[in-house]
Amino acid sequence: MSASRLFAEVTVPFFAVTLCLAPAVTRPTLPFGVRVPPERASATVIRHERRIYYVRTAAIGACCIVLAVLLQGYGSWWLTRIILLLEVAADLGCYWLARRKITAVKTAEDWYAGHRQIVATDTSWRTDPPRFPVRWLIPALIVIAVTIIVGALRYPDLPARLALTGRGGRRVPRSVVTAFAVVAVQVYVTALWTGMMLLVYRSRPDIEAADPAASTRRYRRFLAACTRAVLTLLALVNLSMLLVALRNWQVYRLTGAASALPVLPFVVGLLVLAAVSFRVGQGGSRLPGGAGGHGAAAGTDRDDDRFWKAGLIYVNRDDPALLVGSRFGVGWTFNLANPTAWLVIAAIVAVPAGLTAISVTVGL
Amino acid sequence: MLLSVEPDGPVPIYQQIRDRIVEAIAGGRQPAGSGLPSTRQLAVDLGVNFHTVNKGYDLLRQEGLLRIGRKSGAVVQRDAGSGPPRPDWAQDWAARLQTLLAEAAAQGLPAEDIMRYCCEAIAAFAFPEGQP
């Protein structure tokens, strides 16, 4: 089994499990992307829809995994991608159905009647901001440095034509660009994820109106844990690419099942990130030290469903925020009404497109 | 300092921001010399327009409660321990208080209840040591 093959095999079960369990890590007051008052968080319709979602997505996941295993070895590697696409689309369909049902009951029973809807913040988030854990970035940078040093040492002894991973054994002429392409990818991925996490540190914390002080403390712990998990994943992704590079540079040769070795660090990193996400929950909602403590609640979180398209995409012209906490699963999402969001997305797409264009121009 | 606004409420958001900060200063949660987020940061955190926060901060600056520097950011300039205010300020304030108390009297709230509300509010303020 090759590295890309193993990666393809792992993605279908990985998405099956993460999408199925996503409602467990989202905030209790945001079931399926619908904002509900805290006292309605365990309403009958929500418990019912959550149960149905678990059953449906578990069934979809099981079917897709069986299909992927049965089709293994047949046709092209695109087959697994098509199965993955269908799996994600079907799971999102289940999410949409649950969201529609809950919204219907919420509207019919007017859950927000008589609530004072507020937006709360803790100014200490800005006057005493959390520090980005720079030290956790060091392993990822060390791996890049090792890749460059080993590459520089191996380069004079490389043959005139290189067999690169993922090119079906086709050989390309040896050049600095072909030999060090993997370093460019490492630098890009590291810069992208570090940049995104730095933007997250500047963005607004998810603070609950019911208990702003405790939810700010939980959010601080959540952000620290997620950033460390992302930077650990980053180091392991770079390690995977180092292993690919070493094979390209003929430092080692693996056959059979062992040739999947380079992808293993990446898979471990994904599992670490998933485990941390499950432990802390979105915005720290699964962390202890919460509800009902500091001061009387001045109101309920404002019902902002109208700014969330399909419960997944945030579009709010009146909000200057660039990133906000996502409503499904753990993470952040862009405010697509903010022009800067489109600039950042364009930059994320433009850099790899530019690198690819350069590699095509030089005949890679 | 915890700050909350009611975006769909009857009071303009910039006024709510100004009022909450004044209350925090009086309550000792935001003493003189302490910093506040920049206008852009607070706008992001409350999900409101940058100009709205700017307007709220500007009111506080005009009242002498806030100093906004290019480098130092927004810093609270006075609090309950900063000495007596300007005499003309007290006159303006007394006029506004007159209206506020008149509202209660006009609605039929007894004098002792009005006094009780006033005492409760004053009890929550952080006056310096030695003041009644």
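In this predicted model, the interface between the two chains brings 19 residues of chain B into contact with 23 residues of chain A. On the chain B side, strand S1 (2–5), strand S2 (35–36) and helix H2 (39–46) each supply at least two of the residues that touch chain A, and H2(B) gives the most, with five residues. By residue class, the side of chain B that touches chain A divides into 11 nonpolar, five polar and three charged residues.

**Strand pairing across the interface**

**Architecture of chain B**

- Chain B holds five helices and four strands, and read from the N terminus on, these elements follow the order β-α-β-α-α-β-β-α-α.
- The domain assignment of chain B gives domain 1 as 13–76 and domain 2 as 87–123, and the C-alpha centres of these two domains lie 25 Å apart.
- The C-alpha trace of chain B spans about 45 × 40 × 25 Å along its principal axes.
- Of the 132 residues in chain B, 25% are buried.
- Among the contacts in chain B with a separation of 6 or more, 56% are accounted for by residues 24 or more positions apart.

**Helix packing in chain A**

- Helix H6 (residues 176–202) and helix H7 (residues 212–248), both of chain A, pack with their axes 10 Å apart and at an angle of about 175 degrees; since angles over 145 degrees count as roughly antiparallel, H6(A) and H7(A) are therefore roughly antiparallel to each other.
- H6(A) contributes Val182(A), Val185(A), Gln186(A), Val189(A), Thr190(A), Trp193(A) and Met197(A) to this contact, where they meet residues of H7(A).
- From H7(A), the residues that meet them are Thr227(A), Val230(A), Leu234(A), Val237(A), Asn238(A), Met241(A), Val244(A) and Ala245(A).
- The residues of the contact of H6(A) with H7(A) divide into 11 nonpolar and four polar, with no charged residue, whereas the side of chain B that touches chain A includes three charged residues.

Key: Residues numbered from 1 in each chain as written. Chains lettered and ligands numbered in written order. Predicted model: local features only at pLDDT ≥ 70, side-chain atom pairs only at ≥ 80, totals over all residues. Axes fitted to C-alpha atoms, helices over the stretch in contact; angles between N-to-C directions. Parallel < 35°, antiparallel > 145°, perpendicular 65-115°, else oblique. Contact = placed C-beta atoms within 7 Å. Nonpolar A, V, L, I, M, F, W, Y, C, P; charged D, E, K, R; others polar. Domains from an automatic or database assignment. Buried ≥ 20, exposed ≤ 12 C-beta atoms within 10 Å, placed from the backbone.
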